[in-house]
Amino acid sequence: MSVNKVILLGHTGKDPDVKDVAGTKVANLSLATTEKGYTLQNGIQVPDRTEWHSLIFWKGLAEVVEKYVRKGSQIYIEGKIKTRQYEDCLLYTSDAADERS
């Protein structure tokens with residue numbers, strides 16, 4: 001048995017990029033999640049740590065994203081991680097994809 005599930009809560013870094021791909025609406029956007037910094041017992045400060053995530057929304061959810069999400073919006077997402085590899089270079093990306101329509 002295995003599980004591929006991700007839950008993210010953060011703020012969008014830009015307005016969504018919405019396109020029509022072969023008759024299906026697709027929205028892409030970046031999401032920042034931040035772990036708060038803290039102070040160790042010995043006084044050393046550990047700063048905030050921000051991670052950026054690529055999100056892909058399909059069909060009905062892409063329409064909702066297009067209508068309501070803007071740069072700086074706080075959103076909650078449940079999805080799964082999908083990895084893409086590009087043929088023309090050695091670049092791997094991982095996307096959190098929500099495929100509900």
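In what order do the elements of the protein run from the N terminus on? I read β-β-β-β-β-β-α-β-β, that is, one helix and eight strands. I took helices (H or I, at least four residues) and strands (E, at least two) as DSSP runs, numbered from the N terminus.

A note on the source: this is a predicted model, where local features need pLDDT of at least 70 and side-chain atom pairs count only at pLDDT 80 or more, while totals for chains, interfaces and linings use all residues. Residues are numbered from 1 along each chain as its sequence is written, and side-chain values use heavy atoms, with hydrogens and water left out.

**Entry: the core.** I looked up burial and found that 26% of the 101 residues count as buried (under 20% relative accessible area; exposed is over 50%, partly exposed in between, with a 1.4 Å probe and protein chains only). The largest nonpolar core has twelve residues, among them Leu-8, Ala-27, Phe-57 and Ile-75. Such a core is a set of buried Ala, Val, Leu, Ile, Met, Phe, Trp, Tyr and Cys residues joined through side-chain atoms within 4.5 Å. Strand 1, strand 3 (24–35), strand 6 (49–58), helix 1 (59–68) and strand 7 (74–85) each give two or more residues to this core. Strand 3 gives the most, with three residues.

**Entry: Ile-75.** I listed what Ile-75 touches, leaving out residues up to four places away in sequence, and found Leu-9, Leu-29, Leu-55 and Val-69 among them. Contact here means heavy atoms within 4.5 Å.

**Entry: Leu-9.** I found Leu-9 in strand 1 (residues 6–12). Is Leu-9 buried or exposed? Leu-9 counts as exposed because its relative accessibility is 52%.

Entry: Val-18 stands opposite Ala-27 in strand 3. This hairpin has two residues between the strands, and Ala-22 takes a positive phi near 50 degrees.

**Entry: Lys-67.** I placed Lys-67 in helix 1. Lys-67 has a relative accessible area of 58%, so Lys-67 is exposed. How far apart are Lys-67 and Pro-16 in space, C-alpha to C-alpha? I noted 9.6 Å, though they are 51 residues apart in sequence.

Definitions and conventions: Two strands pair if DSSP finds at least two bridges between them.
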